[in-house]
Each structure stands twice: as C-alpha cells, then as structure tokens.
Amino acid sequence: METLATLLVLITFLFFSSIVEAQNNNRGPRAFFVFGDSLVDSGNNNFLATTARADSPPYGIDYPTHRPNGRFSNGLNIPDIISEQIGSQPTLPYLSPELTGPRLLIGANFASAGIGILNDTGIQFLNIIRIYRQLDYFKQYQQRVSALIGEAGAKLLVNRALVLITLGGNDFVNNYYLVPFSIRSTQFTLPDYVNYVISEYSKILEIMYDLGARRVLVTGTGPLGCVPSQIAQRGRNGNCAEELQRAADLYNPKLVDMINQLNKKVGSNVFIASNAFKMHMDFINNPRQYGFVTSKVACCGQGPYNGLGICTVVSNLCPNRDEYAFWDSFHPTEKANRIIVQQILEGDTNYMHPMNLSTIMELDSRV
Ligand SMILES: *[C@@H]1O[C@H](CO)[C@@H](O)[C@H](O)[C@H]1NC(C)=O
Ligand SMILES: *[C@@H]1O[C@H](CO)[C@@H](O)[C@H](O)[C@H]1NC(C)=O
C-alpha cells in the first residue's frame, strides 16, 4: 500500500516536472487564457455570491461527469473545445482551488457570467468578475507563474499563449436593452452607444497587450435577436428580434475596424476577429443542414420557444441535445459550440480575420 502511494507521488511529480521542463524549453502545448462572459465561463461564478450561475441540474448533463460544473451548456463550452483541438487540457477557472502549482502552466479561465465591456453591465447579478478585475487577476496569475518558473519563463509563457476574449453581448442584452428606458438607452442613441462600447473595448484590448498577450481571438457578438429568449420576448411570429439584430449589425463591423486599427498600431496581427455572428447564422438559417431539428426552441426552458426564465430541474428538457442549437434561452449546446470552433479553426476570412486558428498555430509553431 505504502509503495503504491509512493509510486503515485513519484508519477505525479514526474508528470508535473515534465510540464515545467517543457515550458522552460519553449516546447509543449501553449498556454491558453480565457476572458469574458457566460459563453466562456467554465465555473468561476460558482465561487461567487451571484445569481448568474449554472450550478444545478440539468446543466452539465452531457459533460463527462454528467454534473453541473458552472458551464452554461449541456456539455463542453467553446474554450473546452479549443483546448481539445490544440492538444491541451481544459483551462481551470481562475478561482478554482485546484488551479495551483504546475497546473497554472496550462493557462487559466478568468471569465465570469454576466459581465460586459462596460462596468455597469450586469450590475443586477451583483458579485461577478468584471473585465478590469479579470485583467487584475491575469496580472496576479503572472506573478504566481513567475514564482514557479521565473520571471523570464512567465513572460515567455504569456507571449506564446493563445488568448480568447468573448464579451459584448451583455452590454446590449443585460444593459442597453435590459429594461425599456434603461439609463444607457436614454443617454445614447444606439449608434452612439455602439461607438462608446467599442472605444471602451479598445482600452481593454490595449491593456491585454500591455500584459503580454500576443495572440488574441476576439469574438464579435452572436445574433443577439435570434436567441430563444429574445425570439420569445421580442420576436414577431418566431422571427429574430429586429432591434437586437440591428445592434449586432452595427457593433460587429465596428469591432473589426477597431481590431484592424489596433493591429496597425502594434505592428502585427495580435488581434484576430472571430465572426461569431456569421458562425451562428449558418445554423440558425439552415438548422437541418447541421443536424438540428430547431434553432429557435431551447432544449431546456419553459414558455414560448423554451425562452422564458432560466433552465432548472423543473424546466422542459429535450431528450437529444445534439438536435438543438440552443441549450438554454441564451447559450448554445455543445454540438453548436463544436460547429463554431470548427469555423474558428478552419474558417475562411469571412469567419476569421485576418486568419484562422489553424493558420495561427502553424505560423506560431515556426518561431
Ligand atoms: C471601469 O472600471 C475600471 C476599474 O475599476 C476603471 O479603471 C475604468 O476607468 C472604468 N471605466 C469607466 C468607463 O468608468
Ligand atoms: C483556414 O484553415 C484551413 C485549414 O487549415 C486552410 O486550408 C485555409 O487556407 C485557412 N484559411 C485562411 C483564410 O487562412
């Protein structure tokens, strides 16, 4: 018994020292960092006193553990599938007590459901990790990694890393359009609000660059008006809600312009625009072509299109999650997430601008 325990300790030690070794030699899978909202939160909110959480069944029903784990999906989310595709282990939530020692070298997920670009987005969810706090945690993370592999090693790890940032949707759904006559909507016309949000986003991306990020996938917003919640509440006859679609139509091209400007400023293609809108619209317009029976009705929920309220143990639940594009009233199923990641990897310049993730991986493996 004792020998077995010793052996296990030894194996664990060898495993972790090989990770440290690989990082020091600039080999091994690159680290992966995730920032943003519920589309990419892998469980940080479970550690917070907030109402924005996915910690009860049937969330996680198709996850390997079949248990809720904080992901806003039936199974894997987009960061999990990216990790899988680049040959890494999934990144742990930054607040997880398991994220210690050499596990830090895999990367970290700082995302928190409910947040937006603006500090006042998602205030109704109370205690969530707003984007500036996520960036502070990223700084703190780098100090922890420095203690592990030295300052130069930590810097290299961050420079070589892949970064994903997904936010912006909540600045519309959970701010401007949250209630009629919201503060922001009385303060700004929609086009002015879009400009304001984009200029704030630009500051966030510059800080990320200053913190050492050199490959950052920046996702635009999905078709905000086509999620079951909005079809149910604002859509006419099951159509996408026009006003939110208009917001996404205004926002997404401006985001690409802003990214182009930033890349010009830093003199390299650090920021990659990912056209989440188009990626979603493909299966929303042709659900059957992608194996879905519907892209309007959520798998889990209640009311029209299962789009009202939240997904809970007493909600309607579809038997086969792979036949639904949306898991709950806002978030895609694992199957839809896989279609999205496929486009992130291989999509042409209409989906990934200026290049896709396969090309990035190929380019970066040569340096
Ligand atoms: C948002 O909060 C951060 C950190 O608290 C602050 O630095 C930033 O200026 C704020 N942004 C705006 C627009 O107030
Ligand atoms: C995207 O990835 C595929 C597969 O790796 C590649 O053949 C293609 O040229 C890439 N497209 C662009 C625009 O980079």
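Where is Pro58 found? Select it and you are in the loop between β1 (32-36) and α2 (78-85). Helices (H or I, at least four residues) and strands (E, at least two) are DSSP runs, numbered from the N terminus. Pro58 is joined to Pro57 by a cis peptide bond, with omega about 5°.

Before moving on, a word on what is on your screen. This is a predicted model, in which local features need pLDDT of at least 70 and side-chain atom pairs count only at pLDDT 80 or more, while totals for chains, interfaces and linings use all residues. Residues are numbered from 1 along each chain as its sequence is written, and chains are lettered from A and ligands numbered from 1 in the order in which they are written.

Stay in the loop between β1 and α2 and pick His66. Its phi is near 55°, a positive value in a residue other than glycine. His66 is exposed, with 12 other C-beta atoms within 10 Å. Here a residue is exposed if 12 or fewer other C-beta atoms, placed from the backbone, lie within 10 Å of its own, buried if 20 or more do, and partly exposed in between.

Next, select Val216, which lies in strand β4 (residues 216-219). Val216 is buried, with 21 other C-beta atoms within 10 Å. Leaving aside neighbours within four places in sequence, its contacts (C-beta atoms, placed from the backbone, within 7 Å) include Val163, Leu205 and Phe271.

Now show helix α7 (residues 190-210) and helix α9 (residues 242-266), which pack at an angle of about 35° with their axes 9 Å apart. The axes are lines fitted to C-alpha atoms over the stretch in contact, and angles run from 0 to 180 degrees between N-to-C directions. Among the residues making this contact are Val194, Ile198 and Leu205 of α7, and Leu250, Leu255 and Met258 of α9.

For another cis peptide bond, go to His353 and Pro354, where omega is about 5°. Pro354 sits in the loop between β8 (352-353) and α12 (357-365).

Finish at ligand 2. The residues around it are Glu346, Asp348, Thr349, Met355, Asn356, Ser358 and Thr359; each has its C-beta atom, placed from the backbone, within 6 Å of the ligand.

Then zoom out to the whole chain: there are 12 helices and eight strands, and 47% of the 367 residues count as buried.

Methods:
Contact = placed C-beta atoms within 7 Å.
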